[in-house]
Amino acid sequence: MERRFADVVIELALGDITRVQADAIVTAANSGLRGGGGVDGAVHRAAGPQLLKACRAIGGCDTGSAVITQAYELEERGVAYVIHAVGPVWRGGSSGEAELLKGAYSKSLELADTHECTSVAFPSISTGVYHFPLEQAAPIAVHEAATFAGQRPKHLKRIIFSLFDEKTLGVFSSALEAER
Ligand code: AR6
């Protein structure tokens, strides 16, 4: 499914983000940028060991923000950058989780555009081992993407959500349909 907001297409796809061809792919990282499981594990495996070295050199990233590195071995697949977005761990919803998740998406979008990316692919940040409820996370993700599109970014033309399972795709689809 896809929808256009201003000059930008927001697209939902089922599958492994390391297989998506986009100028930048986003990983759901931790604030220590230490690598891990889930989508972060898959991105680090696909990009090779230099990615962790680059993360170590940066040292860390605040929750609710993001940093950008080269994509190393993913460059062979046409990916120029990896954006390491740090979403919040769900602590019940009254610890600023929604704002922090927004920040992880908006900073990633800003980094993609300032690095002249025309396309960027996101996973569903924080809804895996960080346990952010999917029904609340999906509208935030889609709204941040649509809001960024409405600000008429200079370079970005395609925002892809690469979602790993049918349930996540379904909830994102409802959120994208409901977005105004
Ligand atoms: N492609 C796309 N989505 C994926 C992939 C993949 N290859 N693999 C998993 N997902 P999670 P979080 C989905 O747990 O909750 C790591 O250890 C997954 O099904 O990866 O933000 C980091 O280092 C879920 O829908 O991220 C952090 O420590 C979504 O990606 C921590 O986990 C996010 O699940 C971050 O936790």
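This briefing covers the ligand and the pocket around it. The model is predicted: local features need pLDDT of at least 70, side-chain atom pairs count only at pLDDT 80 or more, and totals for chains, interfaces and linings use all residues. Residues are numbered from 1 along each chain as its sequence is written, and side-chain values use heavy atoms, with hydrogens and water left out. The ligand takes up the space of the largest pocket.

**Ligand shell**
- The ligand is surrounded by 22 residues, each with a heavy atom within 4 Å of it.
- Asn30, Gly37, Val39, Ser126 and Gly128 are the closest.
- By class, the shell holds nine nonpolar, 11 polar and two charged residues.
- Here Ala, Val, Leu, Ile, Met, Phe, Trp, Tyr, Cys and Pro count as nonpolar, Asp, Glu, Lys and Arg as charged, and the others, Gly among them, as polar.
- Helix 1 (residues 38–47) gives the most to this shell, with four residues.

**Backbone contacts and burial**
- A polar backbone atom of Gly128 is 2.8 Å from an oxygen atom of the ligand.
- For Gly37, a polar backbone atom is 2.9 Å from a ligand oxygen.
- A backbone N or O atom of Val39 also lies 2.9 Å from an oxygen atom of the ligand.
- The protein buries 89% of the 710 Å² that the ligand exposes when taken alone (Shrake-Rupley method, 1.4 Å probe).

**The largest pocket**
- A pocket is an open set of points on a 1 Å grid over the protein atoms alone, where a 1.4 Å probe fits, with protein on both sides within 12 Å along at least five of seven lines.
- About 570 Å³ of space lies in the largest pocket, a volume filled by probe spheres set on the grid points.
- Its lining has 28 residues, each with an atom within 4 Å of a point.
- Ala28, Gly38, Val39, Ser124 and Gly128 lie nearest the pocket centre.
- The lining divides into 12 nonpolar, 13 polar and three charged residues.
- Helix 1 and strand 7 (158–163) each supply at least two lining residues.
- Helix 1 has the largest share of the lining, four residues.
- Helices (H or I, at least four residues) and strands (E, at least two) are DSSP runs, numbered from the N terminus.

Terms used: Polar contact = N/O pair within 3.5 Å; in protein donor to acceptor, adjacent residues only side chain to side chain. Sits in = over half its atoms within 2 Å of the grid points.
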